[in-house]
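The sequence and the structure are shown first, and the sections follow.

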Amino acid sequence: MYVCFLDASKAFDRVDYSVLFRKLVSRGVSTYILRLLWNWYGHHYAHILWTGVQSDNFSICNGVRQGGILSPFLFGVYIDELSRYLHPSINKYWLPFRQYDYYHFLFADDAVMFALSAKGLKKLLDACSEFAVTHNVIFNVLKSQCLIVQSRTAPSYRPTFHLCGDALPYTESYKYLGHIINSNLADDAESLTL
């Protein structure tokens, strides 16, 4: 099985307000809520203070507030379309589980994609690249990594996968949401952070 872990750089800071509000409108969010959010997010200003000199105010046109109660929800609305970009057109590339096809997991700005073939993972990564362009998302290629879950009969060939034009590195294990995932599926490398 081919697996790719993706890291989006400054994902919460790069949320495009025009895209976010179009998505909120299409979901039927109440006009009162939309007005409140627009007044909250549409009138952001900041200035820079450097060596005692303050710049003029400038408008902030993107990003949801780090640590804000609504920020994970708003980011979820913003990023959920990635699942539609990833929806497979040819089922033979994906992992079938009962009547559903699972080929990715998204948790905030952390994503993992997996497929039974290199061609399938390539299609997923191409869809991620397309989504990145339309949604102002920058994937950190240095932190994003590929992993091959080995079987006894699997060849040792490692295809090169690309994301947004850059080749992705391989790893033998990756820590995803606090769990260490290994290429041999052993769980003895788990570490607890207290």
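## The hairpin of strands 8 and 9

In the hairpin formed by strand 8 and strand 9, two residues lie between the strands, and Ala-108 takes a positive phi near 55°. Strand 8 covers residues 104-107 and runs antiparallel to strand 9, with four bridges joining them. Two strands are taken to pair if DSSP finds at least two bridges between them. Phe-105 has Val-112 in strand 9 as its bridge partner.

## Basis of the model

The model is predicted, so local features need pLDDT of at least 70 and side-chain atom pairs count only at pLDDT 80 or more, while totals for chains, interfaces and linings use all residues. Residues are numbered from 1 along each chain as its sequence is written, and side-chain values use heavy atoms, with hydrogens and water left out.

## Overall composition

The protein has five helices and 14 strands. Of its 194 residues, 37% are buried; buried means under 20% relative accessible area, exposed means over 50%, and partly exposed lies in between (1.4 Å probe, protein chains only). Accessible areas come from the Shrake-Rupley method with a 1.4 Å probe, and for residues only the protein chains shown count as cover.

Contact means heavy atoms within 4.5 Å. Among contacts between residues at least 6 apart in sequence, 65% join residues at least 24 apart.

## The nonpolar cores

In soluble globular proteins, nonpolar side chains tend to be buried together. A nonpolar core is a set of buried Ala, Val, Leu, Ile, Met, Phe, Trp, Tyr and Cys residues joined through side-chain atoms within 4.5 Å. The largest such core here has 42 residues, and Leu-6 and Leu-121 have the most contacts inside it. Elements giving two or more residues to this core include strand 1 (2-7), helix 1 (17-26), helix 2 (31-41), strand 9 (110-115) and helix 5 (118-135). Helix 5 gives the most, with seven residues.

Leaving aside neighbours within four places in sequence, Leu-121 is in contact with Tyr-2, Val-3, Cys-4, Met-113, Phe-114, Ala-115 and Phe-161.

## Salt bridges

The structure holds three salt bridges, each defined as a side-chain nitrogen of Lys or Arg within 4 Å of a carboxyl oxygen of Asp or Glu. In one of them, Glu-81 pairs with Lys-23, with the closest N and O atoms 3.1 Å apart. Glu-81 lies in helix 4 and Lys-23 in helix 1, so this pair ties together parts that are 58 residues apart in sequence. Glu-81 is partly exposed at 23% relative accessibility, whereas Lys-23 is buried, with a relative accessible area of 9%.

Arg-27 forms a salt bridge with Asp-80, the closest N and O atoms being 1.9 Å apart. This pair links distant parts of the chain, 53 residues apart: Arg-27 is in the loop between helix 1 and helix 2, and Asp-80 is in the loop between helix 3 and helix 4. Lys-122 and Asp-126 form a further salt bridge, with the closest N and O atoms 2.8 Å apart. Both residues lie in helix 5, four residues apart, which is about one turn of the helix.

## A surface patch and a loop residue

Trp-40, Leu-70 and Phe-73 make a nonpolar surface patch of about 280 Å². Patches are made of residues with over 30% relative accessible area and no salt bridge; like charges are joined within 9 Å, and nonpolar side chains (Val, Leu, Ile, Met, Phe, Trp, Tyr) within 5 Å. Phe-73 is placed in helix 3 (residues 71-79) and is partly exposed, with a relative accessible area of 48%.

Asn-136 lies in the loop between helix 5 and strand 10 and is partly exposed, at 29% relative accessible area. Beyond its neighbours within four places in sequence, Asn-136 is in contact with Arg-14, Asn-62 and Tyr-78. The C-alpha atoms of Asn-136 and Val-19 are separated by 9.7 Å, although these residues are 117 residues apart along the chain.
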